[in-house]
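Work through the exercises below with the sequence and the 3D structure at hand. Try each task before reading its solution.

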Amino acid sequence: PRIAVVDYGVKRHILREFASRGCAVRVFPAATPLADLLAWQPDGLFFSNGPGDPRAMPEAVETVRGAIEARIPLFGICLGHQLMALAEGLPVDKMKVGHRGANQPVIHLDTGRVEISTQNHGFAVREDGVDPAVARVSHRNLNDQSVEGLRFERFAGLSVQYHPEACPGPHDSRYLFDAFLDLIAEPAHAG
């Protein structure tokens, strides 16, 4: 699969995770127009982690919105997660106390499995603003109950607030890269 990575500060190990799964990966600068991303004919788009307030990035939110309309599978980590939420009209707020470092427990609500995660963020999706027709909360932080992951209802997409690629760090969440590739492989989205 061809994965177009929109680089807001992507970690090298994210690229390694895709490459280790046989993906062809191309990294595009953050300001790349959606038309240029789509001209490469990717099978999926990945919105990377990065610093800053996602609410101050209207161009990035519009890129995500356009990608949603293009009906291509999407995956976002950290800042990418927040941008995907904003593109779907979900609120993102500054946290009173951000999450920093390793050993943050996160529960995968579909399985009940607790994952130990690595995190570095000061903004979060506000759960009371998550419309179930738009997305469902897939992961939750067990320390403060904040939203840690979303599965989107109106398009093939998933996102997480934490870092499943953590290196060195916990490897409990690397299955998320496989889940994204499964979205790409679904018949409605295949080639």
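**Exercise 1. Describe the contact between Glu-62 and Arg-65.**

Step 1. The side chains of Glu-62 and Arg-65 form a salt bridge, with N and O 2.2 Å apart. A salt bridge here is a side-chain nitrogen of Lys or Arg within 4 Å of a carboxyl oxygen of Asp or Glu.

Step 2. Both residues belong to helix α3 (residues 58-69), and because they are three residues apart, about one helical turn separates them. Helices (H or I, at least four residues) and strands (E, at least two) are DSSP runs, numbered from the N terminus.

Step 3. Glu-62 is partly exposed at 45% relative accessibility, and Arg-65 is partly exposed at 28%. The cut-offs are under 20% relative accessible area for buried, over 50% for exposed, and partly exposed in between (1.4 Å probe, protein chains only).

A note on the source: this is a predicted model, in which local features need pLDDT of at least 70 and side-chain atom pairs count only at pLDDT 80 or more, while totals for chains, interfaces and linings use all residues. Residues are numbered from 1 along each chain as its sequence is written, and side-chain values use heavy atoms, with hydrogens and water left out.

**Exercise 2. Which parts of the chain does the salt bridge between Glu-17 and Arg-174 link?**

Step 1. The closest N and O atoms of Glu-17 and Arg-174 are 3.0 Å apart.

Step 2. Glu-17 is in helix α1 (residues 12-20), while Arg-174 is in the loop between β9 (157-160) and α5 (175-185). The two residues are 157 residues apart, so the pair links distant parts of the chain.Step 3. Glu-17 and Arg-174 are both buried.

Step 3. A network of salt bridges links Glu-17, Arg-21, Arg-174 and Asp-178. The whole structure holds 12 salt bridges.

**Exercise 3. In what order do the strands of the open sheet lie?**

Step 1. The order of the nine strands is β2-β1-β3-β4-β9-β8-β7-β5-β6, with mixed pairing. Two strands pair if DSSP finds at least two bridges between them.

Step 2. The edge strands are β2 (24-29) and β6 (113-125). Each has a single partner strand, so one side of each has no neighbour in the sheet.

Step 3. On average, neighbouring strands of this sheet are turned by 25° against each other, direction ignored. Axes are lines fitted to C-alpha atoms, for helices over the stretch in contact, and angles run from 0 to 180 degrees between N-to-C directions.

Step 4. Strand β4 (residues 74-77) pairs with β9 in the parallel sense over four bridges. Phe-75 has Leu-158 in β9 as its bridge partner.

**Exercise 4. Classify two of the aromatic pairs.**

Step 1. The whole structure contains eight aromatic pairs. Rings of Phe, Tyr and Trp (its six-membered ring) pair if their centres lie within 6.5 Å; planes under 30 degrees apart count as stacked, over 60 as edge-to-face and the rest as tilted.

Step 2. Phe-18 and Phe-177 have ring centres 5.2 Å apart and planes at 85°, so this pair is edge-to-face. Phe-18 lies in helix α1 and Phe-177 in helix α5, so the pair ties together parts 159 residues apart in sequence. Phe-18 is buried at 0% relative accessibility, and Phe-177 is buried at 0% as well.

Step 3. The ring centres of Phe-152 and Phe-155 are 4.9 Å apart and the planes are at 25°, so this pair is stacked. Phe-152 is buried, with a relative accessible area of 6%, and Phe-155 is buried with 6%.

Step 4. Ring pairs also join Phe-18, Phe-46, Phe-75, Phe-177 and Phe-180 into a cluster.
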